[in-house]
Amino acid sequence: MSGDGIRLLTPEGERVTHPEYGLDAGPEELRALYRDMALARRFDAEGVTLQRQGELGLWPSLLGQEAAQVGSVRALADGDHVFPSYREHAVALCRGLDPLVLLRLFRGVDHGAWDPDAHGFHLYTLVIGSQTLHATGYACGVAKDGSDAAVLAYFGDGATSQGDVAEAFNFAAVYDAPVVFFCQNNQWAISEPNARQTRVPLHQRAQGYGFPGVRVDGNDVLAVLAVTRAALEHVRSGRGPFLVEAFTYRMGAHTTSDDPTRYRDSAEVESWRAKDPLLRLERLLRREELADDAFFAEVTAEGEALAVRVREGVRSMPSPAPEELFDHVYAEAHGEVDRERAEFAAYQASFAEEG
Amino acid sequence: MAATPMTLLTALNTALRDVLADDPKTLVMGEDVGRLGGVFRVTEGLQKDFGEDRVMDTPLAESGIVGTAIGLALRGYRPVVEIQFDGFVFPGYDQIVTQLAKMPARSRGLIRLPIVIRIPYGGGIGAVEHHSESPEALFAHVAGLRVMSPSNPSDAYWMLRQAVQSDDPVIFFEPKRRYYDKGEVDTTASDQPPAHRARVVRPGTDLTLAAYGPMVRTCLDAAAVAAEEGRQLEVVDLRSISPVDFDTVRESVRRTGRLVVAHEAPVFFGAGAEIAAHVTEHCFYHLSAPVLRVGAYHSPYPPSRLEDEYLPGIDRVLDAVDRAFAH
Ligand SMILES: Cc1ncc(C[n+]2csc(CCOP(=O)(O)OP(=O)(O)O)c2C)c(N)n1
Ligand SMILES: [Mg+2]
């Protein structure tokens, strides 16, 4: 398997078949996938804007990776558990996380403090690759419980160079853990291209650990959905982990702090623009008359409404109270925290007295 | 049941056996902990009795061990992890510092990670490089972790049980050169003080000696020698390094007016520095002498032929005591 990977929908919006992977998706499901991707793209654009306006400290854009994220997360069942990295905003939305809760992290109000169990969506993880081990341990627990839930771990191409990811592959393999490793190979790790991370196509790494790995066209939402479904079925059946490499592209900067013109040329970006994940599904929907202008207008309007809600919500988001510094450091009382909390309160109070 | 004599090693093994029996969510995991029973045999017989699913031999990768333990804890398990030797915790240090310590706070308390990381530590056993270290300060400095070290079999049993019961992550340092020390352990005496409480293990009036883990016995021996010379040293077994039970330390120092803190770890930026600073700030007018520290030197742990010079023994402790009385 080489090139862009398993494909069920061409960049021109034509459905093609694959000998191993197929997708039986009706009009409604296709429209839903488009809607998920379009809302994520609109939300993401708002994240960039809000950062530019100084409302957020940082925003890692997912632009270009909508199909990889939506296709994979929509393959999950309700009881499954996701371990994201930090760019999985489409996954978060599809799991039902309130976008304003997600944005608290990027506004600096908290470090991302949603309840992982509420949506089967663990906290974002900024230390590259760490979460793949948490996913593996969680999957071991799932297996011990005799549950048929599965775990989906997201990470990037750069992350594959981390020891933690190698250890996660191996632990998952020797314990037959029900975890799908989902690598979004967006070609770049900040300024470093794939060639600086790996000599072999990333999906081939799985072979060395003794489990299957495939490359899927990460801009083809239908193929991503089909492949992730098959991968989940594999891990649920007790046959151990599965690696999916979604071959995609980070269309924007690494984050709002990054300037990609310093390390990649626009021709490369343009060549990927032609493979846009939304455009190809729109072409299919229009060609096969599965959606009309009214549908697209409706999705656009929904995206605008989401953007407005997000914008207003972020701008009116309160900052945390200073005393919260000391909360939740430990579950049980800790003398040092208690002493410093009291000192801090006295220090704060000294200003109040001065008036 | 009355108290029974046990080695510190057997006390730890018994504690693990009891926590495994008490709570089906408790797991033991690490390198060679299953069939072999661990290189020190602390987990001897546990896999045979509780099965491979609960006493897990792991691949040889410390970050993987800690990281998967975190995942298991997220799923509701209570893993007790063994790191084979003090010097080999560092591949797992990233997961401990960036994930284990922070995740509970960053989730605003929604996540709790009741994980115990057992680390046989300290020198004095004539070992090769990386097998004799005392890295406790590197963990005590990290908010979110509890750090403790028992000095005797009874504390080994009860502190390990309390560590497993705690909803906080605990780094549990086992004084490996004291593994074969014997003492009475009453496994039914559950009315134990919490692990973060220090204990006065020898009362005295003239100077306070504070220590934990393997140095407690050294300090008790030093106090016995000092008594022959007419000095009554009070020995405080700190037991916990994060938090430090400063209340007990202050109370003792206010009576004795002198404090020497001893540990195997290097003095420079060690636990003793924190205790000295605290006591100087809070007991300034009770002190008849500066707080003195006894510990190892600021050099990598030496080859074993030099460890007697490197590690503080009775003589170095007594030398510090003499210096404290010179004031
Ligand atoms: C352990 C660690 N080292 C360095 C960084 C800084 N860093 C943040 S993102 C990143 C690149 C990650 O690339 P990749 O895994 O491909 O994910 P992508 O950003 O492309 O989604 C780096 C080096 C980090 N967050 N964690
Ligand atoms: Mg990347």
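Helices (H or I, at least four residues) and strands (E, at least two) are DSSP runs, numbered from the N terminus. With that in hand, welcome to a tour of this structure. It is a predicted model, in which local features need pLDDT of at least 70, side-chain atom pairs count only at pLDDT 80 or more, and totals for chains, interfaces and linings use all residues. Residues are numbered from 1 along each chain as its sequence is written, chains are lettered from A and ligands numbered from 1 in the order in which they are written, and side-chain values use heavy atoms, with hydrogens and water left out.

Buried means under 20% relative accessible area, exposed means over 50%, and partly exposed lies in between (1.4 Å probe, protein chains only).

## Ligand 1

Ligand 1 has 15 residues around it, and A:Tyr86, A:Arg87, A:Leu126, A:Asp157 and A:Gly158 come nearest. A residue is near a molecule or strand if one of its heavy atoms lies within 4 Å of it.

Some polar contacts of ligand 1 involve the protein backbone. A polar contact is a pair of N or O atoms within 3.5 Å; within protein, one must be able to donate a hydrogen and the other to accept it, and residues adjacent in sequence count only if both atoms are side-chain atoms. A backbone N or O atom of A:Leu126 is 2.7 Å from a nitrogen atom of ligand 1. A polar backbone atom of A:Ala159 lies 2.9 Å from an oxygen atom of the ligand, and a polar backbone atom of A:Trp188 also lies 2.9 Å from an oxygen atom of ligand 1.

## A pocket in the model

Rolling a probe the size of a water molecule over the atoms shows where empty space is left. On a 1 Å grid over the protein atoms alone, a pocket is an open set of points where a 1.4 Å probe fits, with protein on both sides within 12 Å along at least five of seven lines; lining residues have an atom within 4 Å of a point.

The second largest pocket is lined by 27 residues, and A:Ser85, A:Tyr86, A:Arg87, A:Ile128 and A:His254 lie nearest its centre. Helix H4 (99-107), E2 and E4 of chain A are the elements that give two or more residues to this lining. By class, the lining has 12 nonpolar, 12 polar and 3 charged residues. Ala, Val, Leu, Ile, Met, Phe, Trp, Tyr, Cys and Pro count as nonpolar, Asp, Glu, Lys and Arg as charged, and the others, Gly among them, as polar.

## Backbone details and a link between chains

| Residue | Phi | Relative accessible area |
|---|---|---|
| A:His328 | about 65° | 29%, partly exposed |
| B:Arg108 | near 55° | 26%, partly exposed |

A:His328 is found in the loop between helix H12 (293-315) and helix H13 (335-354) of chain A. B:Arg108 lies in the loop between helix H5 (103-106) and strand E5 (116-121) of chain B. Chain B also holds a cis peptide bond, from B:Ser242 to B:Pro243, with omega near 0°. B:Pro243 is in the loop between strand E12 (240-242) and helix H9 (246-256) of chain B.

Where does B:Asp168 lie? Its place is the loop between helix H7 (153-165) and strand E7 (170-175) of chain B. B:Asp168 counts as buried, at 1% relative accessibility, and its side chain reaches the backbone nitrogen of A:Glu332 at 3.2 Å.
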